[in-house]
Amino acid sequence: MLPVLRLGPFTVPVAPLTWLAAFFVLQEIGERTAKRLNLPADVFSGALMWTIGVGIVAARLGYVASYLDAFIAEPLQIVALNFGTLDVMTGALFGVIAGIAYLQRKKVSLRLFADALSPALALAMAVLSFGNLLTGDAFGVPAQNLPWAIFLWGELRQPVQVYELAAYLAIFAFVWFRAPRPYDGAHFLITIALLAGVRVLLEPLRGDSVAWVMGLREAQVIALVLMSIALGIFMTIFHRSPKPMA
Amino acid sequence: MNKLLKAQTFKLKPRTSNLFSGARLYAAIALVITLGAAWTWFNRLPEIAATPTQAQPHTGFAAPNFSLPSLAGETFTLADLKGKVVLVNFWATWCPPCRAEMPAIDAAYRANKDAGFVVLAVDQMENPDIVNLFRAKYNLSFPLLLDSDGAINRQYLVSALPTSFFVDRKGVIRDMMIGGSMSREFIEGKIKTLLEEK
């Protein structure tokens, strides 16, 4: 387990480093995919930057709004960014809106951008899983008799981080090399459905699941809904797409 | 001419002869979603798992118990503080980010102690006189505990200072922060939800 890296006199937590590595992967692989799809790489990068930049600011402001009492006492702390003080949902909402607005201004198809993002998204998830393996986060349930169990947090456990890493790499390879793309946006929907499907499948092996109503696992339910929506949209667009007659 | 027009005509029509054959694909997707829903239902969490009992120094586990003397000579035991929200902060006077966050921790403690917030600042193997000078300089009001042999630092796998654990009223670690420095708003943001829980 490696929660921190020691670089001379400095101690750097690994978790934020893996987020930075994931962002780098999004940018690099995304640009390469964009070129394959004849989408200008600078437009792809611009949309990504706007999405993430506005997302971080909005996430911070959302957090400030949630804990206004604490910030009234120290208003300057609003600009003291810490990864632990972000409202992810607010950030995601406004980040996506900013990205869409940027693409519309550049007159570039949102679906094409989403396709360019897809393989990079799967690979970025793999990077985050590797980070979880290093930090011991997203740990598995105890598995005393499993030959390939890993010793973590006091006992032998399912190596869920490794399963997730392998699954995300497989999704990346599939989307990059083999996935059918009958229309713009198809790769994105396939990727989302597969990523969500992995979560549905592997969540019961995780030891840190959060219980929802009736003992249902929150992340599993959200992933199931996301997978169903992605597959539903995939089919709807597929059947409405014009196809040349044979 | 008619032949050419016919070749360029597009029609809203699903393909029927490959993997994307409408009926087969609908059936496959319906099957996947149904299996996913069944898998989700049969893998519900048992109620007994609602509160973790295994103690490990990580988010999602029960906080490992410890007893340590304070500078004032009083012994504090983490298990005795169940029902309160506890910030366990590992620190040392020689650590700059630890020194930087101490005023913020004290401000958060003074503002929230009546609501059930407790701070246990565990000093890492230093002379009590040095710690006492530090307490006086910063006018700290929360208990400073002395981990004279470093056993509790090792128990909590502290690999960098400062390291902080946010423990809820049931004794479960709900969040942790490796490195610093925490601001008052950061701390209050972390404990607000925990204090609202009963």
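## A nonpolar patch on chain A

On the surface of chain A, the residues Leu2(A), Leu5(A), Leu7(A), Phe10(A), Leu17(A) and Leu20(A) form a nonpolar patch, and together they have about 540 Å² of accessible area. The model described here is predicted. Two elements of chain A, strand S1 (4-7) and helix H1 (14-36), each supply at least two residues of this patch.

Leu5(A) is one of the patch residues, and its place is in strand S1 of chain A. With a relative accessibility of 30%, Leu5(A) counts as partly exposed.

## The architecture of chain A

The secondary structure of chain A consists of 8 helices and 5 strands. Followed along the sequence, these elements give the pattern β-β-α-α-α-α-α-β-β-α-α-α-β. The C-alpha trace of chain A spans about 65 × 55 × 45 Å along its principal axes.

Chain A has 246 residues, of which 48% count as buried. Among the contacts in chain A with a separation of 6 or more, 63% are between residues 24 or more positions apart.

## Salt bridges within chain A

Side chains of opposite charge can pair when their charged atoms come close. Over all chains, the count comes to 12 salt bridges. One of them is formed by Glu164(A) and Arg206(A), whose closest N and O atoms are 3.5 Å apart. This pair links distant parts of the chain, 42 residues apart: Glu164(A) is in helix H6 (residues 160-178) of chain A, while Arg206(A) is in the loop between helix H7 (186-202) and helix H8 (218-240) of chain A. Glu164(A) has a relative accessibility of 4% and therefore counts as buried. Arg206(A) also counts as buried, at 11% relative accessibility.

A further salt bridge joins Arg181(A) to Asp184(A), with the closest N and O atoms 2.7 Å apart. Arg181(A) is partly exposed at 30% relative accessibility, and Asp184(A) is partly exposed with a relative accessible area of 31%. These two residues belong to a network of salt bridges that links Asp115(A), Arg181(A) and Asp184(A).

## A salt bridge within chain B

In chain B, the side chains of Lys190(B) and Asp175(B) meet in a salt bridge, at 2.8 Å from N to O. Lys190(B) lies in helix H6 (residues 184-196) of chain B and Asp175(B) in strand S8 (residues 173-178) of chain B, so the pair ties together parts that are 15 residues apart in sequence.

The two partners fall into separate classes of accessibility. Lys190(B) is buried, with a relative accessible area of 17%, whereas Asp175(B) counts as partly exposed at 25%. The reason lies in the cut-off, because buried means under 20% relative accessible area.

## The disulfide of chain B

A disulfide is a covalent bond between the sulfur atoms of two cysteines. A search of the whole structure finds 1 disulfide over all chains. The disulfide joins Cys95(B) to Cys98(B), with a distance of 2.2 Å from S to S. The torsion about this S-S bond is about 80°, so the disulfide is right-handed.

Are the two cysteines buried or exposed? Cys95(B) counts as buried at 2% relative accessibility, and Cys98(B) is buried with a relative accessible area of 0%.

Val88(B) has its place in strand S4 (residues 85-91) of chain B. At 0% relative accessibility, this residue counts as buried.

Which residues is Val88(B) in contact with, leaving aside its neighbours within four places in sequence? They are Phe66(B), Leu78(B), Leu120(B), Val122(B), Thr163(B), Ser164(B), Phe165(B) and Val167(B). As for Leu78(B), its C-alpha atom lies 9.1 Å from that of Val88(B), and the two residues are 10 residues apart in sequence.

## The contact between chain A and chain B

The contact between the chains takes 54 residues from chain A and 42 residues from chain B. The area buried between chain B and chain A is about 4100 Å², and carbon and sulfur atoms give 68% of this area.

Between chain B and chain A, the count is 1 salt bridge. In a salt bridge, the side chains of Glu185(B) and Arg60(A) meet at 3.5 Å, N to O.

Terms used: Residues numbered from 1 in each chain as written. Chains lettered and ligands numbered in written order. Predicted model: local features only at pLDDT ≥ 70, side-chain atom pairs only at ≥ 80, totals over all residues. Heavy atoms only, no water. Disulfide = S-S within 2.5 Å. Buried < 20%, exposed > 50% of the residue type's maximum accessible area, 1.4 Å probe, protein only. Patch = residues over 30% accessible without salt bridge, like charges linked within 9 Å, V, L, I, M, F, W, Y side chains within 5 Å. Areas by Shrake-Rupley, 256 points an atom, 1.4 Å probe, with all protein chains shown as cover. Salt bridge = Lys/Arg side-chain N within 4 Å of Asp/Glu carboxyl O. Helix = DSSP H or I, 4+ residues; strand = E, 2+ residues; numbered from the N terminus. Contact = heavy atoms within 4.5 Å. Buried area = accessible area lost by both parts, 1.4 Å probe.
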